[in-house]
Amino acid sequence: MKEIKLYNWTSELAYAVGLITTDGSLSKDGRHIDFTSADLQLLKTFIKCLSLKTKIMKKYSGHTPKKKCHHLQFSNIVLYNWLISIGLMPNKTYHLREIAIPREYFRDFLRGNLDGDGSIFTYIDRYMVYKDKRYTYHRLYTVFNSASFNHLKWIQLILEEILNIKGSLKSWVRKNSKTPIWKLKFAKKDSLKLLSWIYHKPDLPCLNRKRKIAERFLKNLQKNQ
């Protein structure tokens with residue numbers, strides 16, 4: 001379907017689309033859009049990006065019944081149809097492919113994708129420390145998750161084109177499940193390139209706790225340059 005020209009792309013809109021792509025859903029009724037997250041700050045940022053007046057509710061996660069999540073639902077037929085036109089759909093989990101994101105806003109979309117269903121994690125690797133203290137390494141990984149191989153493959157190809165980084169694309173299976181989950185993973189060198197690109201200026205919509213992890217490494221990178 002060709003994109004309906006109803007919205008002017010902005011960093012905020014592209015970020016919100018990234019969040020909807022991961023933690024959001026389109027109802028089958030053709031009008032309602034849902035967004036759920038354990039991070040209250042993420043919902044508040046989502047509301048601000050789309051200038052919504054929707055009330056945030058609490059709910060229990062379907063995957064972890066004991067864990068409370070935050071949830072909102074709103075009706076907007078125009079936005080719903082526009083999201084359909086750029087590549088989203090109801091029951092998107094296993095069927096996502098590429099999304100029609102302009103290249104200049106792809107990093108904002110990707111930041112939303114990362115905040116929604118990705119992770120930035122770090123640890124200290126002391127595996128070789130018995131040889132010398134110099135063999136202590138600070139590991140950094142950036143990971144994007146999806147049940148759709150085609151969606152992550154599309155992201156991988158775009159990042160290879162723009163940043164010349166490829167990462168590794170592998171699958172894993174949850175306990176008591178036969179359906180694979182795909183993981184696009186970038187190690188430290190490529191993560192630094194990627195994270196400095198998506199956090200390209202101070203005032204950006206993002207999940208603060210993930211940006212703080214990235215900035216600890218990015219500051220060290222700047223000092224060493």
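R111 and D108 sit three residues apart in helix α4, so about one helical turn separates them; helices here are DSSP runs of H or I with at least four residues, strands are E runs of at least two, and both are numbered from the N terminus. The model is a predicted one, in which local features need pLDDT of at least 70 and side-chain atom pairs count only at pLDDT 80 or more, while totals for chains, interfaces and linings use all residues. Residues are numbered from 1 along each chain as its sequence is written, and side-chain values use heavy atoms, with hydrogens and water left out.

R111 forms a salt bridge with D108, and the closest N and O atoms are 2.9 Å apart; the term covers a side-chain nitrogen of Lys or Arg within 4 Å of a carboxyl oxygen of Asp or Glu. Both partners are tucked away: R111 is buried at a relative accessible area of 0%, and D108 is buried too, at 2%. Buried stands for under 20% relative accessible area, exposed for over 50%, and partly exposed for anything in between, using a 1.4 Å probe and protein chains only.

The structure holds four salt bridges in total. As a rule, side chains of opposite charge can pair when their charged atoms come close. Another of these pairings joins the side chains of R103 and E161, at 3.3 Å from N to O. R103 lies in the loop between α3 (77–86) and α4 (106–117), and E161 belongs to helix α5 (residues 149–163), so this pair ties together parts that are 58 residues apart in sequence. As for solvent, R103 is partly exposed at 40% relative accessible area, whereas E161 counts as exposed at 55%.

Helix α7 (residues 208–223) carries both R211 and E215, four residues apart, or about one turn of the helix. Their side chains meet in a salt bridge, with 2.9 Å from N to O.

H70 is buried, with a relative accessible area of 15%. Leaving aside residues up to four places away in sequence, H70 touches F35, T36, S37, A38, D39, L40 and L43, along with I56, M57 and K58. Contact here means heavy atoms within 4.5 Å.
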